[in-house]
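Here's a quick briefing to read alongside the model.

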Amino acid sequence: MPAPTPSRVFHRSLTSDYPMVVSGDGAYVIDSHGKRYLDGSGGAAVSCLGHSHPKVIAAVQAQVAKLAHVHTSFFTNEPMEALADRLITDAPAGLSHVFFVQDGSEAVESALKLSRQYFVERGEPERHIVITRRQSYHGNTLGALSVGGNMAKRPLHQPLMNPSVVHVSPCYAYRGQFAGESDKVYTERLAAELHTAISAAPPNAVMAFLAETVVGASLGAVPPVAGYFKRIREVCDRHGVLLIADEVMCGMGRTGQTYAITDERVAPDLLTIAKGLGGGYQPIGALLVSQTIHDTLRDGSGAFAHSHTYNGHLVACAAALAVQQVIREEDLLANVRAMSTHLEACLTERFGNHAHVGNIRGRGLFWGVELVGERATKMPFPAGMQLAARIKSAAREGGLLCYASPGNFDGRDGDNVILAPPFNVGPAILEEAVDKLGLAIDASLQQSRA
Ligand SMILES: Cc1ncc(COP(=O)(O)O)c(C=O)c1O
């Protein structure tokens, strides 16, 4: 069925024509003309099992047939309890309970509100400031947008934003680490910057430091330097500040670990997840909460002053539980780690000597390619060239869906492309994705010069 003319949908872009997608087939989606697209980024790093996984479909169908929705103010439910158990089993030390929401922004909002309530109930009501990093993304609802460090997204909504936010530098080795500077010294410099930011605020006013463990949308799959989060945790502890790990994009196996922060050997106080939690089969996000925070509320007011109608939706929880069970049963984290090596090799072979690829970085099946005007100076292309948008569109034309974003240089300039294929992928699909990405990048650069 072609798109009706005119469309009555308030689309993301009001000037674009979108093809009509009709079905999925593993790593591919198919439009109404029968054209197949390799979903090389799982949308926005969502579809971790690809499309149309039979076990997840069966779980969703069974749950809808049994019971779809009952408000969590009346009952708990089996899929929600089982999913919470599953998530806590592998969680970093100290995280003991799960608050279920619908998406990543709600998870971040919940983390902010819970941090605030925790300090109020602990008798530290002066704590309210959140420190986050530039070029970060934490969601699009007003609270989440306020703490985000994607500077291009802020000006329009500035008058509505929470002013209690301070931004510090990201851990972005390609651009932030000086030539010859060791990881230890770089990490020390970033930890000192956080310490200074906390000290510059009124006494005991800082509530939380919020950071993506591996930075997604705004920087393009940038893992932290070794030891960074350990030092950050120490600074937070020294000042009584909560550490919130935002793993909405990088969590749930995307980096080869259920929780990306496991590789950093650090436990946060709160941890947000979404995207790969339900793998796109249902909208679901969650906030993992430490025992200390849980117990403070339990022994204080007795309730979290925050909720949504669809908290703990039965079908969403059943879908996410099935996704997580498939990942375990099929040992897909091992495949993520094995295929990571192959994807890195393919990207390096194709772009390692490319005149306009400055950096290839990532972890697991979460890789970013950063485009530059000139490798030697790392100068980005100007935002007006809209290179990321051109690449995304050329790739779709060529049958590849990839996640391309601008702004990694300073919030405006800079272009990066993320590949985030499904966890059950084999080498051939990775090779196809990299081939198609190479064609799209070269065609877009050529088009921009013309
Ligand atoms: C790290 C991070 N946090 C939060 C969000 C917001 O998630 P959602 O779009 O599901 O609201 C995103 C979305 O890309 C994200 O990458």
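Which residues are around the ligand? They are Asp103, Gly104, Ser105, Tyr137, His138, Gly139, Glu212, Asp246, Val248, Met249 and Lys275, where near means having a heavy atom within 4 Å of the molecule. Keep in mind that this is a predicted model, so local features need pLDDT of at least 70 and side-chain atom pairs count only at pLDDT 80 or more, while totals for chains, interfaces and linings use all residues. Residues are numbered from 1 along each chain as its sequence is written, and side-chain values use heavy atoms, with hydrogens and water left out.

**Ligand contacts**
- Ser105 puts a polar side-chain atom 2.6 Å from an oxygen atom of the ligand.
- On the backbone side, a polar atom of Gly104 sits 2.9 Å from a ligand oxygen atom.
- Asp246 has a side-chain N or O atom 2.7 Å from a nitrogen atom of the ligand.

**Second largest pocket**
- Its volume is about 700 Å³, counted as the space filled by probe spheres set on grid points joined across faces, edges and corners.
- A pocket here is an open set of points on a 1 Å grid over the protein atoms alone, where a 1.4 Å probe fits, with protein on both sides within 12 Å along at least five of seven lines; lining residues have an atom within 4 Å of a point.
- There are 23 lining residues, and the closest to the centre are His97, Val98, Phe99, His294 and Phe304.
- Helix H3 (78-89), strand S4 (95-101) and helix H9 (291-299) each give two or more residues to the lining (helices are DSSP runs of H or I with at least four residues, strands runs of E with at least two, numbered from the N terminus).
- S4 gives the most, with five residues.

**Glu370**
- Glu370 is part of strand S12 (residues 366-371).
- With a relative accessible area of 0%, Glu370 is buried (under 20%; exposed is over 50% and partly exposed in between, using a 1.4 Å probe and protein chains only).
- Its side chain makes a polar contact of 2.7 Å with that of Tyr172 (N or O atoms within 3.5 Å, one able to donate a hydrogen and the other to accept it; residues adjacent in sequence count only if both atoms are side-chain atoms).
- Another polar contact of 2.7 Å joins the side chains of Glu370 and Arg361.

**Cysteines**
- The disulfide count is zero, taking a disulfide as two cysteine sulfur atoms within 2.5 Å.
- Cys171 is too far for a bond, because its closest cysteine sulfur, in Cys250, is 13 Å away.
- Cys171 is buried at 2% relative accessibility.
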